[in-house]
Amino acid sequence: MDEFRDLLTNKKEEANVFLVGVPFDGNASVGKGTSHAPKVLRELSYALPALDRLGNDLSKLKLYDLGDIEVKKEFLKLHEDFKNVLYKEKGFHLIFGGDHSIAIGSERAFFDYAKSLGKEPVIIHIDAHPDICDVYEDSKFSHACPIFRSLEYGFKDENITLVGIRGFEAQEIETFKKHPKLDVFKAEDVKKMGVETLISYLRTKYRDPKYLIYISYDIDANDPAYAPGTGTPEAFGLTNEQTREIITSIVRHLNVDSLDIVEVAPPLDINNITSWLALKTLYEVFYELLQKPCKS
Ligand SMILES: [Mn+2]
């Protein structure tokens, strides 16, 4: 059966979206299973027509699947694979994780890519967790560490924004104190201020065309009622409508280059609800991409 029915192309020159999968769950702390996500997401996509939730035609979107990046022992080299496989292509960059640790490699490769274009790299991290541990379970490469590693690599505090947060480690609270310019929107903040206010804040903050944005979407940003198939579910989360609106609005209004969707764990899921959420949100992003002038 056809993956990405009517959207897949085998011609790089006509592609406007490039996909890589990273089937890896070696750095997940609690539930495993994200290594299955790239395969399951691709398989399920056969069932989705090239239409968004309002019936808009998506068939002009052309997706080129670059296949999977295999995580080798030298986790430190992962950024090189992202550089050599994904970021050598011009277009929208899409990544299916994998646990969130894979963003250590992808965000670093994105940083270099943005700099090579003369842009300021920005991460908008949508997640139940800040992932700003220096070391977690004796590892600097845990899925609880990518934001710390990205700061260390050179992302500026003000160019990282966290959204949907509600599950902390004590060391993360201390780290926030040392990085007051790093914006943290807890799930509670999103609920109180509303998605529209959040979006208008982000639009103002990152409106300058010098910014190039990487959205890191951990599916556990959503409440476990919506996204049960994930290794570290956190109660009191965002709704599907909220995450969709946040992500699509950022893509609509700002200079977004990359999106990762991480922490989908099909073996922990129920009737693939969580994978379907990831795919349906992605197709809404596809609609937004088609409204923009193509090729970054
Ligand atoms: Mn998370």
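Author: Residues are numbered from 1 along each chain as its sequence is written. As the model is predicted, local features need pLDDT of at least 70 and side-chain atom pairs count only at pLDDT 80 or more, while totals for chains, interfaces and linings use all residues.

Reader: Why is G91 called partly exposed?

Author: A residue is buried if 20 or more other C-beta atoms, placed from the backbone, lie within 10 Å of its own, exposed if 12 or fewer, and partly exposed in between. G91 has 19 such neighbours, so it counts as partly exposed. G91 is found in the loop between α2 (78-86) and β3 (92-97), and its C-alpha atom is separated by 6.6 Å from that of F18, 73 residues apart along the chain.

Reader: And what makes a set of residues a nonpolar core?

Author: Its members are buried Ala, Val, Leu, Ile, Met, Phe, Trp, Tyr and Cys residues, joined through C-beta atoms within 7 Å. The largest one here has 85 residues, with V17 and I213 among those with the most contacts inside it. V17 touches L61, L63, G91, F92, L94 and L289, leaving aside residues up to four places away in sequence; touching means that C-beta atoms, placed from the backbone, lie within 7 Å.

Reader: Why are α8 and α9 called roughly parallel?

Author: Both are helices, that is, DSSP runs of H or I with at least four residues, numbered from the N terminus. Angles run from 0 to 180 degrees between N-to-C directions of axes fitted to C-alpha atoms over the stretch in contact. Under 35 degrees counts as roughly parallel. The axes of α8 (residues 240-253) and α9 (residues 273-290) cross at roughly 30° and come within 9 Å, which makes the pair roughly parallel. Residues of α8 including I247 and V251 meet residues of α9 including V285 and L289.

Reader: How do you know that α3 and α4 are roughly parallel too?

Author: Helix α3 (residues 102-116) packs against α4 (residues 146-153) at about 30°, with axes 9 Å apart, and they are therefore roughly parallel. Their contact includes I104 and F111 of α3 and Y153 of α4.

How values were computed: Two residues are in contact if their C-beta atoms, placed from the backbone, lie within 7 Å. Helices (H or I, at least four residues) and strands (E, at least two) are DSSP runs, numbered from the N terminus. Angles under 35 degrees count as roughly parallel, over 145 as roughly antiparallel, 65 to 115 as roughly perpendicular and the rest as oblique.
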